Amino acid sequence: MNEVFAEQIIKSKASPKEIGARIMIIMALIMVILAVPYLIAIKLGIVGFTLFFLCAYLTYYVFKITDIEFEYSVANADFYVEKIMGQIKRKKCRVFNLRQAIFIVPENSDKLREYSNCENIYDYSSRTKSDDKMVAVFNSDHGIEIMYFEPNEKIAHAIKSVRPNLFQN
C-alpha cells in the first residue's frame, strides 16, 4: 500500500472573540498608562510601573496567542488539524478519518442544506471569504461532523489518493 503524506499551513483571521480580547487588553493598558502619573503623585510609583510592565506583557501575550495558523496534515487515511498560536505554541485540534468522510464540497454547495442543523461544526479555515473554502462532512463516532478548511493542491491530491471520489460539486 502506498503511503500518503502532505501538509499545509494556513493563516487564520482573528475571530470576534479574539478581537474583543485584544481590545480589552489595550483598554487596560491605556488605563494603566493614565493611572501611572497619579500613582507617582501619591508615592506609589513602583506599583504603577509594575502594573504598566505587567499589562504591557499581557498585551504582548494576548496578541501572540490570538495570532493563529492552522496546519493540515494528511497521513495515509487520517486528516490531522493542529492550531499554531503565535508561531510557537502548537495544539492538536482534531483527527478526521478520511474513510469516514461522506463528501467534500465547496462552501456554497447545495449538498450542505440537509446538514444545516448539525451541531458538530469545526472551522479550520482562514475565516475570510474565499472561493477555495471547502466543507468536509464526516460520519464519525461522534455523529455527523462538518469541517471547514482551505486545502491547497497538495492536500487535495493527497486526499484524492486516499479517496478518489470524495470531492464533489
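Visitor: Which residues are linked in a network of salt bridges?

Guide: This is a predicted model, where local features need pLDDT of at least 70, side-chain atom pairs count only at pLDDT 80 or more, and totals for chains, interfaces and linings use all residues. Residues are numbered from 1 along each chain as its sequence is written, and side-chain values use heavy atoms, leaving out hydrogens and water. A salt bridge is a side-chain nitrogen of Lys or Arg within 4 Å of a carboxyl oxygen of Asp or Glu. Here E71, E82 and R90 are linked in such a network.

Visitor: How many salt bridges does a search of the whole structure find?

Guide: The search finds seven. One of them pairs R127 with E18, at 3.5 Å from N to O. R127 sits in the loop between β6 and β7, E18 in helix α1, 109 residues apart. Helices (H or I, at least four residues) and strands (E, at least two) are DSSP runs, numbered from the N terminus.

Visitor: Is E18 buried or exposed?

Guide: Buried means under 20% relative accessible area, exposed over 50%, partly exposed in between (1.4 Å probe, protein chains only). E18 is buried at 12%, while R127, at 25%, is partly exposed.

Visitor: What about R94 and E145?

Guide: Their side chains meet in a salt bridge of 2.6 Å, N to O. R94 belongs to strand β4 and E145 to strand β8, so the pair ties together parts 51 residues apart in sequence. Both R94 and E145 are buried.
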